[in-house]
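Trainee: Hello! Could you walk me through this structure, one step at a time?

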Amino acid sequence: MTRLFTDNIQVGYGEQPIVKGISISIPDQQITTIIGPNGCGKSTFLKAITRIIAHQGGDAILDGKPIAQVPTKTLAKKMAILPQTPESASGLTVGELVSYGRFPHQKGFGRLTKRDYKVIDWALEVTGTSEFKYRSVDALSGGQRQRVWIAMALAQETDIIFLDEPTTYLDMAHQLEVLELLQRLNKEERRTIIMVLHDLNQAARFADYMIALKEGVVVKAGDCEDVIQPNVLREVFQIDAEIGRDPRTNKPMCITYNLIKGESPNEKAPNLIYSAVSGDY
């Protein structure tokens, strides 16, 4: 049974529609990556599913119930979300920040129990941040801070974790560190991971399922072989892509591409060629 799916969900700001009737199922206990150009509705879609923002039509269904009907604390025990630019109160220690993940499980006066402390320590250990427990979050590097935020999400003990561009502002090594951590959580803890990623090759490498959005609608959804295709990338990103194979994972990858600017499908833009391997134009 599919635990989470959307049924014609629609979101807009004022009279401007952003998410235009998306109906899609999220595979349980797998990694789903969402790709698409800036402004296509990726983050808005994530926020609507997690009830951060309201939707104007359709529904997001979790365990057979519309999320709008699920009590807030109950929902917080089932899904956690790491926003694109998370913020915490200045001066918090790592341990204090991660303890906030226990809020949905607290009763009465909200004091932490032995069980809470055990989960907090586990989340710190799994994310490799135990050594920072008493250090200020402000003193950490970007990669370290991101792992701490993931630890807080883990402390919620949810089966489903949403992440909006978790590798933004991180260098290549820290990007890989975060993505490998999420992959390990999926494989070892059977967590369902849904994340927005900008890098196509990272999205394909770590995903079991991919969703390609453009202008608030799903252009293509399926496994990496279905989505990382020249015709799909042409429609979504307006690029003429050369697709190869990652020699380490055998996943499809974008080797190089031309930027298409107003040409017919058979025309190319030879002066705008980007190499995904070298990173140069």
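Mentor: Gladly. One cut-off first: a residue is called buried when its relative accessible area is under 20%, exposed when over 50%, and partly exposed in between. Keep in mind, too, that this is a predicted model.

Trainee: With that cut-off, is Asp116 buried or exposed?
Mentor: Asp116 sits in helix H4, which covers residues 114-126. Its relative accessibility is 3%. Since buried means under 20%, Asp116 counts as buried.

Trainee: Which backbone atom does the side chain of Asp116 reach?
Mentor: Apart from neighbours within four places in sequence, Asp116 is in contact with Arg102, Gln106 and Arg111. The atom you ask about belongs to another residue, Thr113. At 2.9 Å, the side chain of Asp116 reaches the backbone nitrogen of Thr113.

Trainee: How confident is the predictor in the chain, by mean pLDDT?
Mentor: A pLDDT of 70 or more is reached by 91% of the residues. Over residues 264-281, however, the pLDDT is below 50, although this stretch has 29 contacts in the model beyond near neighbours in sequence. For the protein chain, the mean pLDDT is 89.

Trainee: What is the radius of gyration of the protein chain?
Mentor: The chain has 9 helices and 13 strands. For 281 residues the globule rule gives 19 Å, and the chain comes close to that, so it is as compact as a globular protein of that length. Its C-alpha trace spans about 65 × 40 × 35 Å along the principal axes. The radius of gyration is 20 Å.

Trainee: What percentage of the contacts with a separation of 6 or more comes from residues 24 or more positions apart?
Mentor: As background, 46% of the 281 residues count as buried. Contact here means heavy atoms within 4.5 Å. Among contacts with a separation of 6 or more, residues 24 or more positions apart account for 60%.

Trainee: Why do the buried residues of helix H9 lie on the same side of H9?
Mentor: H9 runs over residues 230-237, and its buried residues are Val232, Leu233 and Val236. They are on the same side of H9 because the arc they cover around the axis is only 95°.

Trainee: Which elements do those buried residues of H9 pack against?
Mentor: There are helices and strands in the list. The helices are H7 (200-206) and H8 (224-227). The strands are S9 (209-214), S10 (217-222) and S11 (239-245).

Trainee: Which residue just after H9 takes a positive phi?
Mentor: H9 covers residues 230-237. Just after H9, a phi of about 60° is taken by Gln238.

Trainee: What is the phi of Glu165?
Mentor: Glu165 lies in the loop between S7 and helix H6 (172-189), and at 9% relative accessibility Glu165 counts as buried. Its phi is positive, in a residue other than glycine. The value is near 50°.

Trainee: Which side chain does that of Thr168 join in a polar contact?
Mentor: Thr168 is found in the loop between S7 and H6, and at 22% relative accessibility Thr168 counts as partly exposed. The polar contact is 3.1 Å, and the partner is Glu165.

Trainee: Where is Glu157?
Mentor: Glu157 is another residue other than glycine with a positive phi, near 55°. With a relative accessible area of 27%, Glu157 is partly exposed. Its place is in the loop between helix H5 (142-155) and strand S7 (160-164).

Conventions
Residues are numbered from 1 along each chain as its sequence is written. This is a predicted model: local features need pLDDT of at least 70, side-chain atom pairs count only at pLDDT 80 or more; totals for chains, interfaces and linings use all residues. Side-chain values use heavy atoms; hydrogens and water are left out. Buried means under 20% relative accessible area, exposed over 50%, partly exposed in between (1.4 Å probe, protein chains only). Helices (H or I, at least four residues) and strands (E, at least two) are DSSP runs, numbered from the N terminus. The arc is that of the directions from the helix axis to the C-beta atoms. A polar contact is a pair of N or O atoms within 3.5 Å; within protein, one must be able to donate a hydrogen and the other to accept it, and residues adjacent in sequence count only if both atoms are side-chain atoms. pLDDT is the predictor's confidence in each residue, from 0 to 100. The radius of gyration is taken over C-alpha atoms; the globule rule is 2.2 Å times the number of residues to the power 0.38.
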